[in-house]
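Please consult the sequence and coordinates shown here while reading.

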Amino acid sequence: MFDCDIPVYLITGFLESGKTTFMNNTLTQPYFAIRGRTLVIAGEQGEVGYDLKTLKRRHNTDVVFIDKPEDFTESALKNLDKKYKPDRVIIEFNPLWSVKKLYDMKLPSYWDMAQHIVIIDASSFRIYSQNMMPLITEMIGGADMVVFNRADEKQPLANFRRSIKVSNGAAQIIFEGRDGEQINIFQDSMPFDLEAPVIDIADEDFGIWYVDMMDNLERYLGKTVHFRGQVLKSRNRDADFFVPGRQAMTCCAEDMQFIGYVCQWPQTPQLAEGEWVEITGTIHEEFSVVYKDKGPVITVESLTKADKPQSELVYFT
């Protein structure tokens, strides 16, 4: 979130995912009460509605419904801005209308996207992910926070989290039970031994390791890891680093991305682009031009050429 003249909060999620309940709870919280007018633009009406009179009288909040995607236009938003002169705007958006389209729209003057929150019903996430993963990927692509509500510890919550992280590594992910209490899944055991002298990452666990180290780098620092990856080299032929990784399928065969961490090795120029290697190295946190920031850098201790694995792809569910 950042300072802006008129902050815009985008709340999105599928129908009956709990968006309006989340909004009602937030709008009526003391910590969310500020001076000035709030404009809520709702793109759909589910089973849970808004108490329009109470929101208007006690919270200085106006709620406007836009029922059709063709009516959700730049000119419509500008007209709402002129009519209500809001001090902040909350958009409850239907993802079937395309979140990308919303991001591509020219918002009224002084409107700035301050926070994007996605609400997901954990009890139905597997069904949606099997049938609508491209839409989910688009919906969460720019999200700052993803909230799984109606969660149960019997559900594969760690897999849900990995599905989100591979598409948006920066998103904060929260799980809430049906009573609203947060569920902590960070103590989940990994399918590899973090206390072993050399942490051996099996091919099928590469994605799990990639996401867990992204979120919990501190527990890997100084440790030695062994894994297999495909070589991706810098355009600089003399570079002494490369990225050994895997192709990750985030939703479908047409939507894949290469994931991996930087490895430092003086003999990198001798490697061939695309070849498979087995690496043993120690993990540090350093600045890298690849990340354009600090991040995990593996100092290679040994490297051997390897056969291509049975499956080259990484999955996260």
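The sections below treat aromatic pairs, salt bridges and backbone angles in turn.

## Basis of the report

The structure is a predicted model.

## Aromatic pairs

Across the whole structure, a search finds 14 aromatic pairs. One of them is formed by Phe125 and Phe148, in an edge-to-face arrangement with 5.2 Å from centre to centre and 90° between the planes. This pair links distant parts of the chain, since Phe125 belongs to helix H5 (residues 125–140) and Phe148 to strand E6 (residues 145–151), 23 residues apart. Phe125 counts as buried, at 2% relative accessibility. Phe148 is likewise buried, with a relative accessible area of 0%.

A further pair involves Trp209 and Tyr261: the ring centres are 5.8 Å apart and the planes stand at 75°, so the pair is edge-to-face. Trp209 is located in helix H7 (residues 206–215), and Tyr261 in the loop between strand E11 (255–260) and strand E12 (262–264), so the pair ties together parts that are 52 residues apart in sequence. Trp209 is buried, with a relative accessible area of 0%, and Tyr261 is buried as well, at 6%. Both residues are members of a cluster linked by ring pairs, which comprises Phe206, Trp209, Tyr210, Phe227 and Tyr261.

## Asp203 and its arginine partners

Salt bridges found by a search of the whole structure number 11. Two of the bridges described here share Asp203. In one, Arg228 pairs with Asp203, and the closest N and O atoms are 2.3 Å apart. The two residues come from distant parts of the chain: Arg228 lies in strand E9 (residues 224–233) and Asp203 in the loop between strand E8 (198–200) and H7, 25 residues apart. Arg228 is buried, with a relative accessible area of 17%, whereas Asp203 is partly exposed at 22%.

In the other, Asp203 pairs with Arg246, with 3.7 Å between the closest N and O atoms. Here too the link joins distant parts of the chain, from the loop between E8 and H7 to strand E10 (residues 241–252), which holds Arg246; the partners are 43 residues apart. Arg246 is buried, with a relative accessible area of 1%. The charged end of Arg246 also sits over the ring of Phe206, 5.9 Å from the ring centre. Phe206 is part of the aromatic cluster described above, while Arg246 is a salt-bridge partner of Asp203.

## Other salt bridges

Lys100 forms a salt bridge with Asp104, in which the closest N and O atoms are 2.8 Å apart. Both residues lie in helix H4, four residues apart, or about one turn of the helix. Lys100 and Asp104 are both exposed.

## Positive phi angles

Glu16 has a positive phi near 65°, although this residue is not a glycine. Glu16 occupies the loop between strand E1 (6–12) and helix H1 (19–27). With a relative accessible area of 34%, Glu16 is partly exposed.

Ser98, also not a glycine, has a positive phi of about 85°. Ser98 is placed in the loop between strand E4 (88–93) and helix H4 (99–104). Helix H4 is also the element that contains Lys100 and Asp104.

Notes:
Residues numbered from 1 in each chain as written. Predicted model: local features only at pLDDT ≥ 70, side-chain atom pairs only at ≥ 80, totals over all residues. Heavy atoms only, no water. Buried < 20%, exposed > 50% of the residue type's maximum accessible area, 1.4 Å probe, protein only. Phe/Tyr/Trp six-rings, centres within 6.5 Å; stacked < 30°, edge-to-face > 60°. Lys NZ or Arg CZ within 6 Å of the ring centre and 35° of its normal. Salt bridge = Lys/Arg side-chain N within 4 Å of Asp/Glu carboxyl O.
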